Amino acid sequence: MRGKFISIEGGEGVGKSLLASGLARVLDKYGISSIVTREPGGTPTSNRLRDIFVSPPKDDPLLIETEFCIISAARAQHVGKKILPLLEQGQWVICDRFSDSSRVYQGKIGGIDKNFIEQVISHTTQGLEPDITFLLDCDVDISLSRVEQRFKLSSTDMSRYDLAERSFHQKLQAAYRELVEDFPDRVVLIDASDTIEQVVEKSFKILKDRFNLGL
Ligand code: TMP
């Protein structure tokens with residue numbers, strides 16, 4: 001049987017990667033094997049594209065059109081070479097960001113035409129949409145303080161989006177919330193101000209109900 005495809009979305013610092021690994025751990029306990037991956041990235045080529053996307057040359061910042069092309073190329077490779085084959089093998093796949101990130105960052109915020117975005121997404125994903133998407137949402141003050149904390153601990157450079165002004169993060173949150181109305185059957189809003197343990201538990205319960213796991 002084909003595996004389930006779960007995506008996790010939300011602005012910067014809401015806890016997406018923690019939820020991804022937390023869900024994989026809980027699923028494993030119940031005998032469901034899953035692979036955690038992320039976008040942009042997920043294959044060696046997609047990771048190279050991620051590097052360009054996240055750290056373009058300082059004297060040549062990316063145009064929004066270029067951003068969308070890079071992200072889309074990374075996604076085509078990721079879906080075709082990794083996600084679809086895994087799902088066909090019956091693996092569950094948990095993806096930290098997927099097409100909704102393009103709908104929000106390059107579309108709703110970046111201003112690229114919605115129909116064009118949808119056409120490219122449909123092509124690069126071969127029509128694959130997640131079976132369920134957890135949208136992590138919390139007050140911008142909380143997520144921004146988590147971003148700061150993360151970079152203090154890891155001492156990596158902040159991405160340009162991490163560094164953006166508070167008003168950008170608020171716009172991001174509002175744009176993400178629209179997704180719940182755009183895709184009501186797929187996108188589930190989760191309060192990310194709770195502890196990560198609570199967020200994982202809530203999300204897992206939703207998975208059990210949605211997919212009749214009977215665990
Ligand atoms: P990350 O920090 O969550 O790993 O993601 C890197 C950045 O990529 C993040 O700021 C959001 C951005 N992004 C887009 O702009 N469009 C996309 O389609 C994806 C997948 C990510």
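**Entry 1: the ligand.** I looked up arginine 50 in this predicted model and found an N or O atom of the arginine 50 side chain 2.8 Å from an oxygen atom of the ligand. For arginine 97 I noted a distance of 2.6 Å between a side-chain N or O atom and a ligand oxygen. The side chain of serine 102 likewise places an N or O atom 2.6 Å from an oxygen of the ligand. Taken alone, the ligand exposes 480 Å², of which the protein buries 92%.

**Entry 2: the shell.** I listed 13 residues around the ligand, with Glu12, Arg50, Arg97, Ser102 and Gln106 as the closest. By class, I recorded five nonpolar, three polar and five charged residues in this shell. Helices H2 (44-54), H3 (64-88) and H4 (99-109) each supply at least two shell residues; the largest share, four residues, comes from H4.

**Entry 3: salt bridges.** My search of the whole structure returned 14 salt bridges. Within helix H4, I examined aspartate 100 and arginine 103, which lie three residues apart, about one turn of the helix. Their closest N and O atoms are 2.9 Å apart, in a salt bridge. Aspartate 100 counts as buried because its relative accessibility, 2%, is under 20%. Arginine 103 is buried too, at 6%.

I next examined glutamate 178 and lysine 108, whose side chains form a salt bridge at 2.8 Å, N to O. This pair links helix H7 (residues 166-182) with helix H4 across 70 residues. Glutamate 178 is partly exposed at 38% relative accessibility, and lysine 108 is partly exposed at 32%.

Terms used:
Residues numbered from 1 in each chain as written. Predicted model: local features only at pLDDT ≥ 70, side-chain atom pairs only at ≥ 80, totals over all residues. Heavy atoms only, no water. Near = heavy atom within 4 Å. Polar contact = N/O pair within 3.5 Å; in protein donor to acceptor, adjacent residues only side chain to side chain. Areas by Shrake-Rupley, 256 points an atom, 1.4 Å probe, with all protein chains shown as cover. Nonpolar A, V, L, I, M, F, W, Y, C, P; charged D, E, K, R; others polar. Salt bridge = Lys/Arg side-chain N within 4 Å of Asp/Glu carboxyl O. Buried < 20%, exposed > 50% of the residue type's maximum accessible area, 1.4 Å probe, protein only.
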